[in-house]
Amino acid sequence: MRNKFILALALIVTACAPKPDPNIQIQVAVASTLAAMPTNTSEPLAPIPTPYPSATPFDLAGLFCEYQFCVGHPLDMAFYDVSAQQNPASPSSYSQGLLAAFNGNLFIQMIWQLAPGAADPQFLLDLILEEGLDTRFGALDVKLIRDMNVVYTPITSTASPLLPNGAAAAWTCGDRVFAWKAYAPDETSAPALFDAAISRFQCNR
């Protein structure tokens, strides 16, 4: 009888527990991912060699396909499910998710959520940008890519001294809104990276 009471109490507490705040999830993901990146403080930073063709700074031969969407990414990187890492009982799903990928030269993050009927994706762009770390500059670029409403902005970031530049974007596809962010070592890498990533993006409607 006591075991049944304890089990019932545990179920009630679990059911009443607050849902994780997506802002906090994103902040934790950025902090933990960037903390895992290698840094070298003993010597001045040398220019980072770029073993990629000059026309495309990063080779987007990689293609991530899961949760009923696909997106291009550099071949030497792989997305991992941040939601599952933070809470194995609540991994990413069709309706919402949080992914990240990184190497020594690049950090990429993606989030998405169910938003039927949403035409303006800017609310998710605001969500993926870290207050106090990410700063937009220049005008917000609004465009139609295929049949997706896309908002894009270049950013600077203080998240990592090795990756001070970047970009962020958000778009609608089917009944979901997606957001993407990258930190890069220079100003030209992130825009080319996003163009290549979105050109290979597709979602299941």
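## Helix H5 and its cover

In helix H5 (residues 189–199), the buried residues are Ser189, Ala190, Leu193, Phe194, Ala196, Ala197 and Ile198. Buried means under 20% relative accessible area, exposed means over 50%, and partly exposed lies in between (1.4 Å probe, protein chains only). Helices (H or I, at least four residues) and strands (E, at least two) are DSSP runs, numbered from the N terminus. This is a predicted model: local features need pLDDT of at least 70, side-chain atom pairs count only at pLDDT 80 or more, and totals for chains, interfaces and linings use all residues. Residues are numbered from 1 along each chain as its sequence is written, and side-chain values use heavy atoms, with hydrogens and water left out.

The cover over the buried residues of H5 includes strands E2 (69–73), E5 (106–114) and E7 (141–145). E8, E9 and E10 also contribute to that cover. Contact here means heavy atoms within 4.5 Å.

## Strand E9, enclosed on both faces

Strand E9 spans residues 165–173. Nine of its nine residues are buried, so the strand is largely enclosed by the rest of the structure. In a regular strand the side chains alternate between the two faces of the sheet. Both faces of E9 are covered. Asn165, Ala167, Ala169, Trp171 and Cys173 are buried on one side. Gly166, Ala168, Ala170 and Thr172 are buried on the other.

Ala169 stands opposite Trp180 in E10. E9 and E10 form a hairpin with two residues between them. Gly174, in the turn, has a positive phi of about 65°.

## Two disulfides

A search of the whole structure finds two disulfides. The criterion is a pair of cysteine sulfur atoms within 2.5 Å. In sequence order of the bonded cysteines, the pairing is 1-2, 3-4.

The torsion about the S-S bond of Cys173 and Cys203 is -90°, and the link is left-handed. Cys173 is buried, with a relative accessible area of 2%. Cys203 also counts as buried, at 15% relative accessibility.

The other disulfide joins Cys65 to Cys70, again with S to S at 2.0 Å. Its torsion about the S-S bond is about 120°, so the Cys65 and Cys70 disulfide is right-handed. Cys65 is partly exposed, with a relative accessible area of 42%. Cys70 is buried, at 13%.

## Asn103 in strand E4

Asn103 belongs to strand E4 (residues 96–103). The residue is buried, with a relative accessible area of 15%.

The side chain of Asn103 makes a polar contact of 3.2 Å with that of Asp76. A polar contact is a pair of N or O atoms within 3.5 Å; within protein, one must be able to donate a hydrogen and the other to accept it, and residues adjacent in sequence count only if both atoms are side-chain atoms. A polar atom of the Asn103 side chain also lies 2.9 Å from the backbone nitrogen of Leu106.

Definitions and conventions
Two strands pair if DSSP finds at least two bridges between them.
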